[in-house]
Amino acid sequence: MSLSFIGCDGARLLAMINDWGRSRSAHFVPSLRRTLRHSGEPSAETARAAAAALEEAVAAARRGKVAAVVTGPIHKARMYAVGFPYPGQTEFFAARWWVKNFAMLLTGSPLTVALFTTHIPPRQVAEALSQSEVVRLGCWHLEFPRRGPG
């Protein structure tokens, strides 16, 4: 298994990824290599490349070529402009894996944090919380270590 990188913050990150990849089994999504010279300049071209990279990551995961996907920030307005229909990458991956009960996670040994809200301005967080969502995510998070991510 290898690790697939989606998204990039510039040439420095690419160099770090390539250095890491030489010492480990890494897979850098090819569709992004063409657009890295434009990183930091959101455009329709970079949005289409990001969307294609997400699709490539799903395909690689389904083929068993990668065990995990690491994503970077995307410019959501540009993504929406080229037809990306999801609020963010979390919802994209959930849809591609036909998962209805999911959460955005921040994880690092020994702590995993599941976010109650995603993709909304902080001023909307209080009204977005509901007792049923807190219970759903709490139960989901308690089961996560036992069942794993799949």
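Guide: Along the sequence, the protein chain runs β-α-β-α-α-β-α-α-β-β-α-α. That gives seven helices and five strands. Helices (H or I, at least four residues) and strands (E, at least two) are DSSP runs, numbered from the N terminus.

Visitor: What ground rules apply here?
Guide: This is a predicted model; local features need pLDDT of at least 70, side-chain atom pairs count only at pLDDT 80 or more, and totals for chains, interfaces and linings use all residues. Residues are numbered from 1 along each chain as its sequence is written, and side-chain values use heavy atoms, with hydrogens and water left out.

Visitor: What is the mean pLDDT of the protein chain?
Guide: The mean is 75, and 69% of the residues reach 70 or more. pLDDT is the predictor's confidence in each residue, from 0 to 100.

Visitor: Which elements have the lowest and highest mean pLDDT?
Guide: Strand β1 (residues 2-6) is lowest, at 39. Helix α4 (residues 76-81) is highest, at 94. Residues 1-10 have pLDDT below 50, yet that stretch has 52 contacts in the model beyond near neighbours in sequence. Contact means heavy atoms within 4.5 Å. Where pLDDT is low, the predicted coordinates should not be read in detail.

Visitor: Switching to packing. Which residues make up the largest nonpolar core?
Guide: There are eleven: Ala47, Ala50, Leu54, Ala57, Val58, Ile74, Met79, Phe84, Tyr86, Phe92 and Phe93. A nonpolar core is a set of buried Ala, Val, Leu, Ile, Met, Phe, Trp, Tyr and Cys residues joined through side-chain atoms within 4.5 Å. Buried means under 20% relative accessible area, exposed over 50%, partly exposed in between (1.4 Å probe, protein chains only).

Visitor: Which helix gives the most to this core?
Guide: α3 does, with five residues. Another core of five residues lies apart from it, including Ala114, Leu137, Trp140 and Phe144.

Visitor: Which residues form the aromatic cluster?
Guide: Phe84, Tyr86, Phe92 and Phe93.

Visitor: Why does Phe92 count as buried?
Guide: Because its relative accessibility is 1%. Phe93 is buried at 17%.

Visitor: What lies over the face of Trp97?
Guide: Arg62, at 5.0 Å from the ring centre. The test asks for NZ of Lys or CZ of Arg within 6 Å of the ring centre and within 35 degrees of the ring normal.

Visitor: Last topic. Where is His141 found?
Guide: In helix α7 (residues 131-147). His141 is partly exposed, with a relative accessible area of 27%.

Visitor: What is His141 in contact with?
Guide: Leaving aside neighbours within four places in sequence, Leu105, Thr112, Val113 and Ala114. Val113 and His141 are 28 residues apart in sequence and 8.3 Å apart C-alpha to C-alpha.

Note on methods. Phe/Tyr/Trp six-rings, centres within 6.5 Å; stacked < 30°, edge-to-face > 60°.
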